[in-house]
Amino acid sequence: MRLFLDTASIEEIREINRWGVLKGVTTNPSLIAKEHGDPDAIWAEILATVDGDISLEVTDLSSADAMEAEGRKLAEKAENVVVKLPMTPDGLSAGKRLTNDGIRINVTLVFSPAQAILAAEIGAYIVSPFLGRLDDAGSDGMAVLRQITEIFAVQAYETQVLAASLRHPMHIIECAEAGADIATVPYDVFLKLVRHPLTDLGLQKFAADWNTLQTELKGRA
Ligand code: E4P
């Protein structure tokens with residue numbers, strides 16, 4: 001399972017990229033708005049920093065033509081751009097036209113296996129079911145993800161399943177078990193993934209024992 005970072009913060013991206021585990025970044029209009037800057041400048045910095053799939057979302061949802069035109073402009077920014085389009089009839093229509101021209105798309109705001117099938121049928125590169133938001137609404141986001149990965153395996157769909165809207169480390173573990181191709185992980189969850197109290201205690205004990213040895217050796221000299 002590839003790990004993406006779900007953020008538009010360049011500081012967060014630089015930190016996780018440094019770990020060597022980062023395979024891509026997902027952004028959306030809310031994440032861009034949180035950075036309070038010029039979207040084009042933010043996208044450019046992300047594209048220059050990470051050598052993996054970067055999802056950039058269309059914002060003019062007035063028609064399929066508008067989404068297609070904006071998607072083409074976003075795709076021109078760099079080879080690693082994946083154009084993010086919403087799961088709507090216009091989004092599917094625009095997405096199909098883009099995939100026909102070899103532009104990779106990520107169909108977002110997916111909440112059901114039926115929607116995921118539609119994304120696969122237009123040849124989407126990625127489909128993004130939102131697990132946390134389903135959980136928030138009293139549904140079982142992980143069960144939806146499992147259904148989608150099962151259907152995609154049976155149907156041999158090439159579309160990659162990206163588990164989105166993840167909230168805690170257990171989400172990441174269960175997504176891996178369920179066969180998600182990608183998990184897009186918020187920064188705070190990445191920090192929780194790397195930390196374990198026994199690792200911290202182990203480090204303290206190693207350091208203490210090492211210092212004791214140094215003192216012993218000095219005493220003998
Ligand atoms: C995915 O691409 C989305 O940006 C994201 O995972 C949404 O997560 P949220 O429900 O925490 O906003």
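Contact means that heavy atoms lie within 4.5 Å. The model used in these exercises is predicted.

**Exercise 1. Place C175 in the fold.**
Find the element that holds C175, state whether C175 is buried or exposed, and list what C175 touches.

*Solution.* 
Step 1. Locate the residue. C175 is found in helix α9, which covers residues 169–177.
Step 2. Check the accessibility. Buried means under 20% relative accessible area. C175 has 0% relative accessibility, so C175 counts as buried.
Step 3. List the partners. Leave out residues up to four places away in sequence. C175 then touches M1, L131, M142, L145, A163, L166 and A180.
Step 4. C175 and A163 are twelve residues apart in sequence. Their C-alpha atoms are 6.9 Å apart in space.

**Exercise 2. Describe V144.**
Decide whether V144 is buried or exposed, and find its contacts beyond four places in sequence.

*Solution.* 
Step 1. V144 lies in helix α8, residues 141–155.
Step 2. Its relative accessibility is 13%, so V144 counts as buried.
Step 3. Set aside the neighbours within four places in sequence. V144 is in contact with F111, S112, P113 and L134.
Step 4. Now look at I10. V144 and I10 are 134 residues apart in sequence. From C-alpha to C-alpha, V144 and I10 are 31 Å apart in space.

**Exercise 3. Follow D53.**
Which side chain makes a polar contact with the side chain of D53?

*Solution.* 
Step 1. Find D53 in strand β3, residues 53–57.
Step 2. At 7% relative accessibility, D53 is under the limit, so D53 counts as buried.
Step 3. Look for the polar partner. The side chains of D53 and Y125 are joined by a polar contact of 2.6 Å.
Step 4. Not counting residues up to four places away in sequence, D53 touches R2, F4, K23, G24, V25, N80, V82, R104 and Y125.

**Exercise 4. Find the buried face of α3.**
Why do the buried residues of α3 line one face of the helix?

*Solution.* 
Step 1. Name the residues. In helix α3, residues 39–49, the buried ones are I42, W43, I46 and L47.
Step 2. Look down the axis of α3. The buried residues fall within an arc of 130°, so they line one face of the helix.
Step 3. Recall the general rule. An α-helix has 3.6 residues a turn, so residues three or four places apart point the same way.
Step 4. See what covers these residues. The cover of the buried residues of α3 includes helices α1 (10–18), α2 (29–34) and α4 (64–75). It also includes strands β2 (22–26), β3 and β4 (81–86).

**Exercise 5. Step back to the whole chain.**
How many helices and strands does the protein chain have?

*Solution.* 
Step 1. The protein chain has eleven helices and eight strands.
Step 2. Of its 221 residues, 45% are buried.
Step 3. The C-alpha trace spans about 80 × 40 × 30 Å along its principal axes.
Step 4. Residues 24 or more positions apart account for 56% of them.

Methods
Residues are numbered from 1 along each chain as its sequence is written. This is a predicted model: local features need pLDDT of at least 70, side-chain atom pairs count only at pLDDT 80 or more; totals for chains, interfaces and linings use all residues. Side-chain values use heavy atoms; hydrogens and water are left out. Helices (H or I, at least four residues) and strands (E, at least two) are DSSP runs, numbered from the N terminus. Buried means under 20% relative accessible area, exposed over 50%, partly exposed in between (1.4 Å probe, protein chains only). A polar contact is a pair of N or O atoms within 3.5 Å; within protein, one must be able to donate a hydrogen and the other to accept it, and residues adjacent in sequence count only if both atoms are side-chain atoms. The arc is that of the directions from the helix axis to the C-beta atoms.
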